[in-house]
Amino acid sequence: MLSVREASQSDIDTVYALIIAIAKHHDQQQYVITDKAELLRAGFGDKPEFGVLLAEINGEVAGYCSYTWNYSIWLGARYMNIDDVFVWEDFRGQKVGEALMLKAKEVGLSRGASRIRWEVEQDNHGAIKFYRRLGANVDIKGVCRWQLA
């Protein structure tokens, strides 16, 4: 049985393992600077800076979706920004990603978000096809990063 739930402090080892797994999947592990203590502080305190949804199949973690909240001055509204969506290889093809995205939509609506935004690599054709199937518009834009510290 597939279910999706909000992560809690007791899930920190799992959340961290999933973050490392997606970084390895994209050959970007060297860019993961955070640690479990920081994730606990930032995600599970009085004013969480992010949220994590965990998908489980028969009680085993199958994947996750992490998100933050932003405000658009053009929209005049709050929106959800999805940071990562990742499904363990053994669980791919079992609608885990779809369940995570639909739960993210539910969370966004329940918290007054007007839209959900995320990034996808231009050459990730499978993901783009998946997101379009969900009804998302995929705009091809450049992503700029300016490292300050």
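Buried means under 20% relative accessible area, exposed means over 50%, and partly exposed covers what falls in between. With those words in hand, here are some close-up views of this predicted model.

**View 1. Val-143 in the segment after H4.**
Let's start towards the end of the chain, where Val-143 sits in the segment that follows H4. Its relative accessibility is 43%, so Val-143 counts as partly exposed. Look for Glu-119 as well: 24 residues separate Val-143 and Glu-119 along the chain, and their C-alpha atoms are 8.6 Å apart.

**View 2. Met-1 in the segment before E1.**
Now hop to the other end of the numbering, where Met-1 is placed in the segment before E1. With 73% relative accessibility, Met-1 counts as exposed.

**View 3. Arg-5, Asp-11 and Glu-56 in a network of salt bridges.**
A search of the whole structure turns up eight salt bridges, and this view shows a network of them that links Arg-5, Asp-11 and Glu-56. On one side, the side chains of Arg-5 and Asp-11 meet with an N to O distance of 2.8 Å. Asp-11 counts as buried because its relative accessibility is 9%, while Arg-5, at 30%, counts as partly exposed. Arg-5 also forms a salt bridge with Glu-56, where the N to O distance is 3.1 Å. Arg-5 belongs to strand E1 (residues 2–6) and Glu-56 to strand E2 (residues 51–57), so this pair ties together parts that lie 51 residues apart in sequence. Glu-56 has a relative accessible area of 14% and is therefore buried.

How exposed is Lys-103? At 21% relative accessibility, Lys-103 counts as partly exposed. Glu-106 is partly exposed too, with a relative accessible area of 45%.

**View 4. Helix H1 crossing helix H2.**
This view takes in helix H1 (residues 12–25) and helix H2 (residues 36–43), whose axes come within 10 Å and cross at roughly 110°. That angle makes H1 roughly perpendicular to H2. As for handedness, H1 passes H2 in a right-handed crossing.

**View 5. Helix H3 crossing helix H4.**
Next come helix H3 (residues 96–110) and helix H4 (residues 125–134), with axes that come within 11 Å and cross at roughly 50°. H3 is therefore oblique to H4. The crossing of H3 past H4 is right-handed.

Asp-27 has a positive phi, near 55°, and is not a glycine. You will find Asp-27 in the loop between H1 and H2, where its relative accessibility of 65% makes it count as exposed. Lys-95 likewise has a positive phi, of about 70°, without being a glycine. Its place is the loop between E4 and H3, and Lys-95 counts as exposed at 55% relative accessibility.

Where does Trp-74 lie? Trp-74 is in the loop between strand E3 (60–72) and strand E4 (77–87). With 84% relative accessibility, Trp-74 counts as exposed.

Definitions and conventions. Residues numbered from 1 in each chain as written. Predicted model: local features only at pLDDT ≥ 70, side-chain atom pairs only at ≥ 80, totals over all residues. Heavy atoms only, no water. Helix = DSSP H or I, 4+ residues; strand = E, 2+ residues; numbered from the N terminus. Buried < 20%, exposed > 50% of the residue type's maximum accessible area, 1.4 Å probe, protein only. Axes fitted to C-alpha atoms, helices over the stretch in contact; angles between N-to-C directions. Parallel < 35°, antiparallel > 145°, perpendicular 65-115°, else oblique. Left-handed = near helix turned anticlockwise from the far one by under 90°. Salt bridge = Lys/Arg side-chain N within 4 Å of Asp/Glu carboxyl O.
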